[in-house]
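User: I'm new to this one and would like a walk through it. Could you start with what is packed inside?

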Amino acid sequence: MKKLIIPGAAFLLALSACTKLDVPVESEYTEGNFPTNEASFIAATGPAYSQLPTRYAVDYWRMQEMSTDAAIIPARGGNYVDGGQYRQLHQHSWTPDHPNVQGVWEWGYGGINTCNRILLLFEPAPESASRTRAIAEMRAMRALYHFFMMDLYGNIPIVTVFGSKTAPEQSKRADVAAFIESELKAIIPDLDDRTGAITYGRPTKWMAFAMLEKLYLNAPVYTGQQRNAEVVAMADSILAGKRYSLDANYIAIFAPENGPQITETIFAVPYDANKIDGCQFSRFGLHTALVDKYSLPFRPSIAMSTIASYYAKFNLAGDVRNTTWLAGKQFDNAGKPITIATTKVGVDDSYTGADAKDPYTWQLDFTPEMLLRGDPANMDIGNDELAKAKGVRSVKYYPDKNANPSTRMQNNDMPVFRLADVLLMKAEAILRGAAATTVNGELQPPVVLVNKIRTRASAPTVTAITLDELLEERARELAWEGWRRNDLIRFGKFEDAWGFKTDNDTRKRLYPIPTSEKVLNPNLVQNPGY
């Protein structure tokens, strides 16, 4: 990797589905060659980390963002239909057989089983500080995978044993949340408190505090209880440690060169264009006419964008976050218009003038609005040049000129937890009833916390803020970071209409248990509405 290589990335990944547990434990470790120092324990934990990037930036991300107003892949003249999987995410019409529903379940429980396998291998190893820390890290990763699955599917099995021949029982969502909380609180004393390259991409105390903060903020959804005071306490645990600061350059946080030098990333999923596959935002979400501007070594698709109502939130004067979107007429880096050689009917297939097929040069112009022009059943917006440019495009994960030309993978790491989110979660908890606290000599009511974010973004500061305004701020700050579905559900807005979506069924706040998993595990009960 350009920054570091996930230890043991070449190890075989563990099992995929949570019910496939009855396999022999295979390992090169014997009593004479257990890991004995920090480096060897880190290497042995590699498979738990190499599992994470495989689906995080694609399938998992799609379930969390494309089911909201933030991201969409419409059909364009019959292209990008792909069995309806993208349309179903946008319209909330997915089924238990949706490929992401199945694939992410297998990914999550593959990660859980990998952690359990590694923990089983570590149990007989001699006692040492490195062993204690490595076990804590694997329990933290197991908690993280459980958190992802619980957030998506609700009632899920808690799996802590590798190799069981008994299909795991399904636990209530509140019990899964309690398990995650208990695990994290138990291991915090044993987790590393170092930051930077030495712990990048691995769990630390600060990552555990951030996960607990997220768990407590969503407690009304997960358990029916308010835990706002605990949200503030977890945020303060991070802030008082003084290990993180808002990075001065917002754009750099998501750039291809990002990594442990970013001062606010608490936990990230590392990607490498040649060694760690999974990050392909430029492949799915740009436009073929942008190849030269971004020096891309491959031809991107025109598939993915946002919708007009989400883009409209990026309306603050001077806000650097506005620049993470491509809207309006496009120019190259020298200020020259980016043009496409076509015809007038090629630009607009409804044009009927006598010169319809004459050569015509059109400047690429991204517009927020989308209209159904093709097959409504496929959510088709057409395939002329106007239609191809419908939808504002994101360059938040900045296009990588060093992307792999064959796989179209890029080097941008994806933050899971970062300081800006910690501050916004604390502000929200206070707005919901928790008391403002003083940290490092500073009283931190919501306005102070939000203005830290605004100031870094060069956006106008606020003198007051409401919960709805805070949700808008989260949309701007955390766009495409995998938290939009989580936020909308917590604010009771996941059922709102946006884009081409009209479904307002609250049961869609949970994804269904995959059909394939119910076949394998008779203990699984399907979520209501499916």
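User: Which residues touch the most other members of the largest nonpolar core?
Analyst: In the largest nonpolar core, which has 131 residues, F148, Y153, I180, F417 and W480 touch the most other members. A nonpolar core here is a set of buried Ala, Val, Leu, Ile, Met, Phe, Trp, Tyr and Cys residues joined through side-chain atoms within 4.5 Å, and buried means under 20% relative accessible area, exposed over 50% and partly exposed in between, with a 1.4 Å probe and protein chains only. Helix α6 (residues 129-153) gives the largest share of this core, 15 residues.

User: And how far can I trust that, what is the model?
Analyst: This is a predicted model, in which local features need pLDDT of at least 70 and side-chain atom pairs count only at pLDDT 80 or more, while totals for chains, interfaces and linings use all residues. Residues are numbered from 1 along each chain as its sequence is written, and side-chain values use heavy atoms, with hydrogens and water left out.

User: Back to F417, what is it in contact with?
Analyst: Leaving aside neighbours within four places in sequence, F417 is in contact with L144, M207, A210, M211, K214, E264, T265, I266, F267 and W483, where contact means heavy atoms within 4.5 Å. There is also a second, separate core of 16 residues, which includes L326, I338, V347 and F366.

User: What covers the buried residues of α17?
Analyst: The cover includes α8 (205-217), α12 (308-311), β10 (414-418), α15 (419-431), α16 (446-456) and α18 (484-490). The buried residues of helix α17 (residues 467-477) are L470, L471, E473, R474, A475, R476 and E477.

User: Now the whole thing, how many helices and strands does the protein have?
Analyst: The protein has 19 helices and 12 strands, counted as DSSP runs numbered from the N terminus, with helices being H or I of at least four residues and strands E of at least two. Its radius of gyration is 24 Å, close to the 24 Å that the globule rule gives for 530 residues, so the protein is as compact as a globular protein of that length; the radius is taken over C-alpha atoms, and the rule is 2.2 Å times the number of residues to the power 0.38. Buried residues make up 58% of the 530 residues.

User: Last one, K336: buried or exposed?
Analyst: K336 is exposed, with a relative accessible area of 57%, and is found in the loop between β5 (328-329) and β6 (339-343). The C-alpha atoms of K336 and G492 are separated by 45 Å, and these residues are 156 residues apart along the chain.
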